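Hello,

Here is the structure we talked about handing over. Please open it alongside this note.

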Amino acid sequence: MKHTRLLVVIILISLFVSLTPTEIVNAQMFSSYVSSVTVQNLSENPNNISLHYYYGGDGANAGDIAHEILGETVNGYEVVEYASIPLSGFEGSLVIESSLPLGAVSVLNGDNKGRGMYTGSTIGSINVVLPFMMNYWGSSQWYTYFSVQNVGSSTATVDIDYEYCPAAIDNTITIEPYAMKIVDQADESCLSGHGRVITSATLSSDQPIVVVVSQESIIVKSALVSNGYSTGSLNPVIPLVNSNNPTKKDWRTAIAMFNLDTTQSTEVTLHYVRKDGFECEETRTIAANSATEFGGNAFILGSPNLTCPTGERFIGAAYVTANSNNVDLVATVNQDRGTLASSYSSFNMEDGTPRLAFPRFVNQYGGAKDWDSTFTVMNVGPSNIYVKCQYLNAAYESELGLIEPYGVREDLPRYDLPDNYFGGGICTAYSDSAYTVIDETAKIIGIVNTRGHGKGYNDLMMTYEAVNVELAP
Amino acid sequence: MCGKLFSKTMKKFKSTTIVFIIIILFLLTSCKQEQNLINTQTDEATIATGYPPIITENNIAEGYPTSKYEPAIATGFTPNSSLGIVYGRILKNGEPVVGYNVYLADLLVNDQGQERVASLKISSAPQATLDINGDFVFNEVKPDRYALMFSTGTGSYLLLVPNQEPEEAIIVEVESGKSKNIGTLDYMDLPIN
């Protein structure tokens, strides 16, 4: 039987803080971290999986751990959370091996204040790009670090090139098979001590790698976590853009779009569609092998490159309609509002499938029932579709109605799901309004925002990309 | 004639009644004693089959912290001898942590038989909610070894023995018909707002 390797990079699992904080890696990073991992069975049958926890650096591991995820809830899409038993804390990575498709998301909690979520990777690559990195940026002093996991079977040599730095290779690291290493930009001599830096990075490896990036500010206690990218598309799509929401001081979305071509620049037009149907666009040139910001402060302050009205509230989606040199593009999308911040990745339209899975979804959950999830689904196929979403162990279903091509629908089932709900969900595209015939040619993508409403000067916003699911033959 | 007969009958009746009453009293006394015996047996049986026994040092899991904050005695019960109870209290810097869910997660072993991973299926795992004192009680828990996990909007996390180096997960061994007092777990920090 074919075994799929689902690769989940987990950074700095330190579990709960005791008297002494866990290792302080760098003064610019949070002093301790704790991670959680949620895994979802994406088939309708019981799934035998094997967990392999690797301690950071040297490739030592916790042995092979077998587990069966049963398929006993809605459509079998069961959700399980895993935590490693510490010998003394844990800093490392996780590989999950499975005979059937799986989805996974992980939360990275820094000092229990700055938080971010990311989706587990299923494949590594020898070339990875990181579109957006910061060093000592802004009054909040944003820094970035990333974690690289070697998913090959031999020791990996990884060259790192920062666009900001003049050398062709700015740092080289070696990583044992399946282990991970953290690269902190504050430790890079070509970035540190040069004032405020915003840059991008490219990683080249002789073994396949996966990367997770965390942008953090210990001043405002915020974190934005996202994946590194190895592939892009000519017309990436961004399912949620919100700026000046509700005022100029509130939500903002900044899109760092990376040109994956190493030789050609390209002129890109990003087409914005507001919820009410209003359309506008932004055109910018992106140099070869580097990133340019779209959206962001241009929505607030105005820009000759942007036709959207300055300072007006915008909630909608975006997609690339022009790409002059037909190069592959990929973007990291940052949403922020004061201390609330989260990050997600742009989507390739061709990666859309008729079904999405949400491995982690909560409703009025937590001590004060103050965490809610909402989701956004975008139709990236050529036909009209009808989308219905089901939740594990809950009777409620979200019927999103007709979604036209490039259309977006959201649902916040706060008053429909039970209080204290923890689970996952799936959304499926149908060709009819009665939701009886699954549209097997449909392509949908989506994100999940999870937001806390508690008091405190903390980052209460996390976003992850929904997992695309191929329908069983 | 009738009077004599009546008087005789009454005498016989009286003596019969007295004997009868004595027999009844004897029987009642016997029954009462038996009843007492049954009650005693019921009490013992109840303790054995699940009512929480009196908390003694022996019932406190070895190695777990105790403090001036003693958790409330479990008020739940287990209906039969095949299940157990787990209870304790969670504080953050001495203050009760309220309203959050805690779970008993399954333990998974690696290929060397070592417990290395906690697996939590929230839809079916034993669950308890922290009350206003931070107290939790898991009733009717199947005997097994579990890891104690704490669940928030940001994820579910393994709870460790507070303030201890090296770090140690809280592993609970649930036994049939017994209560396990985990004690008070007072953390300096938790991933909550």
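Below are notes on the interface, then on the cavities and a pocket.

This is a predicted model, in which local features need pLDDT of at least 70, side-chain atom pairs count only at pLDDT 80 or more, and totals for chains, interfaces and linings use all residues. Residues are numbered from 1 along each chain as its sequence is written, chains are lettered from A and ligands numbered from 1 in the order in which they are written, and side-chain values use heavy atoms, with hydrogens and water left out.

**Interface**

Chain A puts 56 residues into the contact and chain B puts in 45 (contact means heavy atoms within 4.5 Å). The buried area between chain A and chain B is about 4,000 Å². Carbon and sulfur atoms give 54% of that area. Buried area here is the accessible area, taken with a 1.4 Å probe, that two parts lose on being put together, summed over both.

The rule finds 1 salt bridge across the interface of chain A and chain B. The side chains of A:E78 and B:K121 form a salt bridge, at 3.9 Å from N to O (a side-chain nitrogen of Lys or Arg within 4 Å of a carboxyl oxygen of Asp or Glu).

On chain A, the side that touches chain B draws at least two residues from each of several strands, including strand 2 (33-41), strand 5 (79-84) and strand 24 (355-363). Strands are DSSP runs of E, at least two residues, numbered from the N terminus. By class, that side of chain A has 26 nonpolar, 20 polar and 10 charged residues (Ala, Val, Leu, Ile, Met, Phe, Trp, Tyr, Cys and Pro count as nonpolar, Asp, Glu, Lys and Arg as charged, and the others, Gly among them, as polar).

**Cavities**

There are 3 cavities of 30 Å³ or more. A cavity is a set of points on a 1 Å grid over the protein atoms alone where a 1.4 Å probe fits but cannot get out. The largest cavity holds about 60 Å³. Its lining includes A:E78 and B:K121. Lining residues have an atom within 4 Å of a point. The lining has 4 nonpolar, 3 polar and 2 charged residues.

**Second largest pocket**

This pocket has a volume of about 640 Å³ (a pocket is an open set with protein on both sides within 12 Å along at least five of seven lines). It is lined by 27 residues. A:F132, A:M134, A:W137, A:I198 and A:E293 lie nearest its centre. Strand 14 of chain A gives the largest share of the lining, 4 residues.

Best wishes

Notes: Points joined across faces, edges and corners; volume = space filled by probe spheres on them.
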